[in-house]
Amino acid sequence: MFKTGEICAESGYYKCNGHVDTLIYLEQGSKYPECPMGPYGSHTTLWAPARKVSKILSELKAIEKSMAASTE
């Protein structure tokens, strides 16, 4: 888990520890932001990698690439 303000070491999707429906994409080298879903606005949080989302998106990109190659 990564705290708000830490530097992201790996690009990918991350979810807020307190609001699992809050998902962000973060580029390597960016700072983890505050979660925008707090009851009084943004709040510091811990971010966890959303591995399932990243895996699904990678698989979709591979399928799209395969489909594009088959239509050429």
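**Close-up 1. The E4–E5 hairpin.** Strands E4 and E5 form a hairpin with two residues between them. E4 covers residues 35-38 and E5 covers residues 41-43; they run antiparallel, with two bridges joining them. Look for Gly38, which sits opposite Gly41 in E5. Strands here are DSSP runs (E, at least two residues) and helices are too (H or I, at least four), numbered from the N terminus. Two strands count as paired if DSSP finds at least two bridges between them.

This is a predicted model: local features need pLDDT of at least 70, side-chain atom pairs count only at pLDDT 80 or more, and totals for chains, interfaces and linings use all residues. Residues are numbered from 1 along each chain as its sequence is written, and side-chain values use heavy atoms, with hydrogens and water left out.

**Close-up 2. Strands E2 and E3.** A hairpin of six residues links E2 to E3. The two strands are antiparallel and share four bridges, with E2 spanning residues 12-16. Gly12 faces Leu26 of E3 across the pair. Buried means under 20% relative accessible area, exposed over 50%, and partly exposed in between (1.4 Å probe, protein chains only).

**Close-up 3. The largest nonpolar core.** Eight residues make it up: Cys8, Tyr14, Cys16, Ile24, Leu26, Tyr32, Cys35 and Trp47. A nonpolar core is a set of buried Ala, Val, Leu, Ile, Met, Phe, Trp, Tyr and Cys residues joined through side-chain atoms within 4.5 Å. Leaving out residues up to four places away in sequence, Tyr32 touches a list of residues including Cys8, Tyr14, Leu26 and Trp47. Contact means heavy atoms within 4.5 Å.

**Close-up 4. Thr45 in its loop.** Thr45 lies between E5 and strand E6 (46-49). Thr45 counts as buried because its relative accessibility is 12%. Its contacts, not counting residues up to four places away in sequence, are Phe2, Lys3, Thr4, Cys16, Asn17, Gly18 and Cys35.

**Close-up 5. Met67 on helix H1.** Met67 belongs to H1, which runs over residues 51-70. With a relative accessible area of 53%, Met67 is exposed.
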